[in-house]
Amino acid sequence: MKLLVKALCLRELRRQAATRRLAATGRLVAGQKLTGPREGCWASIHQAVGTRMHLPQSQLGFTTMVTGRIMRPDDANVAGNVHGGTILKMIEEAGAIISTRHCNSQNGERCVAALARVERTDFLSPMCIGEVAHVSAEITYASKHSVEVQVHVTSENILTGTKKLTNKATLWYVPLSLKNVDKVLEVPPVVYSRQEQEEEGRKRYEAQKLERMETKWRNGDIVQPVLNPGKPNTVSYSQSSLIHLVGPSDCTLHGFVHGGVTMKLMDEVAGIVAARHCKTNIVTASVDAINFHDKIRKGCVITISGRMTFTSNKSMEIEVLVDADPVVDNSQKRYRAASAFFTYVSLSQEGKPLPVPQLVPETEDEKKRFEEGKGRYLQMKAKRQGQTEPQA
C-alpha cells in the first residue's frame, strides 16, 4: 500500500510539473488545470483504497466494473471454441466482486455476496482461443436482502480489433455475514437515475423469486446411475455423472464453493452428455435459469449428473443436477445444491449447425420430461420470434 501511495504521488508531481511547463510557454491559460483521468494524487489514492476508508458509495463507483483476460488453449475444446463453463465462471467472478463491494460499501457488519440464481443466459457468438474476453458488470437493482447484477461479455480479436457481444447474463446475490454465514444481511440502497429503473427492477425481483419457488419441487428428483447403457439415442445411453471432491482452490476464503466453479462443472457434464448423444463437436447455446438451493462447503463430495431431456431438429436440452455429500459431517445428509437446464447445438468441422439425432424416451418419466422440455423450447422460440418482429 505504501508503494501504491508513493507511485500515485510521484505521478501527481509529474502532472504539476507539466502544468508549469505549459503555463510558461503560454499554452495553458492562467488558473487552468491540466486534467486527466483523475483529478490529482489524492483522488487516485481514494479510488484505489477507498474500500478501506469507507468513502461514500457515490464517490467510489461501486456499481460498475470491467475485467478481462486472454483465452488460452485450456479454456477451449478440441475445436478451439471456449467452453461455456469457462465464460460462466468469468461472469460469476465479476458478479461476485461487484456485489461484495457494494454490500460492504457502508459501515456495518462485513459480508460476502453468495450467488443465489443465474437467469437464462444465451451464448450469442462463439469465442475462440487467442481472443480477449472483456467482462463488464453493473448492479441494476437491490432489494432488502439481494442484489441484481447484469453482466455483458465481449470478445476482442487483438489482431484485427474486431469486437462482438458474446453473452448477456443476469445474476442474483445475497450478502452473508462473515461471522455467521447462515445470516443474510441487508443490502445498501442503490441510487437510480430514473424512478422507472427501480420499478422495473422490482418486477424482475418478484418474477425470479416466484420462479425459484416453483423449482423447489424438483429437488427430490434423483438421477439413478446407469449400469448398463441402453441403445444409442436413448436417455440412458448418454447420461453422465462427474464426482468431485471440493478442495480449497474451489472455495472462497470462507470455505464455500464459488458459484462459478459449480457452473463450470455443470457445463462440463452437460457437454459430455451432448457429445455422447451426437458424436460431433458441440457448443453451449444457452443456459436456463440456474438455481443455487444451498451452499456447498469445503470437503464435500459433489455429484454432478446430466441427462438428455429433449431434442429439437438442431438443439438438445440437458438437465443437470448437483448433489452435495458432506462426508466429514455425519449430522448432515446428502442434499440438492443446484439445478439447471443447458441447451447445446451440434456443429460440423466448419462450424455450421448440424441436425441432432432425435431422442428416444423409453420410460414414462422420460416421456414426461420430454414433453416438459418441448414446452420450454416452444415457449422460448415464441419469445424470440416476438422480439424479432418489427414494431408497428
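N77 lies in the loop that runs between strand 1 (64–70) and helix 4 (84–103), where helices (H or I, at least four residues) and strands (E, at least two) are DSSP runs numbered from the N terminus. This is a predicted model, in which local features need pLDDT of at least 70 and side-chain atom pairs count only at pLDDT 80 or more, while totals for chains, interfaces and linings use all residues. Residues are numbered from 1 along each chain as its sequence is written, and side-chain values use heavy atoms, with hydrogens and water left out.

**Annotated active site**
- An unreviewed UniProt entry gives N77 and D267 the annotation "active site"; such annotations may be inferred rather than shown by experiment.
- They span 191 residues in sequence, yet no two of their C-alpha atoms are more than 12.2 Å apart, so they gather at one spot.
- N77 counts as buried because its relative accessibility is 18%, buried meaning under 20% relative accessible area (1.4 Å probe, protein chains only).
- D267, placed in helix 7 (residues 259–278), counts as buried at 4% relative accessibility.

**Contacts of the two residues**
- Leaving aside neighbours within four places in sequence, N77 is in contact (heavy atoms within 4.5 Å) with H83, N281, I282 and V283.
- With residues up to four places away in sequence not counted, D267 touches H83, G84, G85, T284, F342 and Y344.

Key: Buried < 20%, exposed > 50% of the residue type's maximum accessible area, 1.4 Å probe, protein only.
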